[in-house]
Amino acid sequence: MPTVPPLSDPACIFCKIIAGQIPCHRLYEDGQVLAFLDIGPLSRGHTLVIPKAHHATLDQMSDALASACAAVLPRLSRALIAATGVEAWNILQNNGATAGQVVPHVHFHIIPRTRGDGLGYRWPAGKLDPNDAASLVESIKRSL
Ligand SMILES: [Zn+2]
């Protein structure tokens, strides 16, 4: 299988980090994935895991590349637990500005949490309408 050169966007800050044009505190790197400390951390140890190929949002990635990113999450989580002493953390991945994505290059946040840290999110859970659920399942399955 031919190797596809990684996509890169010269205007993208994460692509510049990958290229070494902007420094970062590198935690992990392999052929497809880079992990580094977020320079605007929500908590101590806040880490970003990014694909080396530029993709704005998760849906643009191949299954294999998404798997490569996800594959390092358990190991990095264990290392962050060991290094920071936390017992809880969030994995957060935003797609699109409406969802809070600031840098349009796919990234997974690993955010160590401590009790009373003041971080949070609104989660106003509704109730799934069974009729809509059936329709939604059919519609989503058609697109898989
Ligand atoms: Zn990029």
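This report walks through the fold of one protein, from its overall layout to a single cysteine.

## The model and its layout

What you have here is a predicted model, in which local features need pLDDT of at least 70, side-chain atom pairs count only at pLDDT 80 or more, and totals for chains, interfaces and linings use all residues. Residues are numbered from 1 along each chain as its sequence is written.

The protein has 4 helices and 5 strands; these are DSSP runs numbered from the N terminus, with helices being H or I of at least four residues and strands being E of at least two. Reading from the N terminus, the elements go α-β-β-β-α-α-β-β-α. The C-alpha trace spans about 50 × 50 × 25 Å along its principal axes.

Two residues count as in contact if their C-beta atoms, placed from the backbone, lie within 7 Å. Take the contacts between residues at least 6 apart in sequence: 58% of them join residues at least 24 apart.

## The sheet

The 5 strands form an open sheet in the order E1-E2-E3-E5-E4, with antiparallel pairing. The edges are strand E1 (26-29) and strand E4 (88-92), each pairing on one side only. On average, neighbouring strands are turned by 15° against each other, direction ignored. For a pair to count, DSSP has to find at least two bridges between the strands.

Now for the individual pairs. Strand E2 (residues 33-37) and strand E3 (residues 47-51) run antiparallel over 5 bridges, and Leu37 stands opposite Thr47 in E3. E3 also pairs with E5 in the antiparallel sense, over 3 bridges. Here Thr47 has Ile110 in E5 as its bridge partner. E4 and E5 are antiparallel too, joined by 5 bridges, and Ile110 in E5 is the bridge partner of Ile91.

## Helices against the sheet

Helix H3 (residues 73-84) lies across E1, E2, E3, E4 and E5, running at about 30° to E5. For these angles, axes are lines fitted to C-alpha atoms, for helices over the stretch in contact, and the angles run from 0 to 180 degrees between N-to-C directions.

How far apart are the end C-alpha atoms of H3? They are 16 Å apart, which agrees with the 16 Å that its 12 residues should span; the expected figure is 1.5 Å times one less than the number of residues.

A residue is buried if 20 or more other C-beta atoms lie within 10 Å of its own, exposed if 12 or fewer, and partly exposed in between, with C-beta atoms placed from the backbone. Buried residues make up 21% of the 144 in the protein.

The largest nonpolar core has 20 residues, and Ala35, Val49 and Ile110 have the most contacts inside it. Such a core is a set of buried Ala, Val, Leu, Ile, Met, Phe, Trp, Tyr and Cys residues joined through C-beta atoms within 7 Å. Leaving aside neighbours within four places in sequence, Ala35 is in contact with Leu27, Tyr28, Thr47, Leu48, Val49, Val72 and Leu76.

## A look at Cys69

Cys69 lies in helix H2. Is Cys69 buried or exposed? Cys69 counts as buried because it has 22 C-beta neighbours inside 10 Å.

Setting aside neighbours within four places in sequence, Cys69 is in contact with Val33, Val49, Pro51 and Phe108. Cys69 and Glu29 are 40 residues apart in sequence and 11 Å apart in space, C-alpha to C-alpha.
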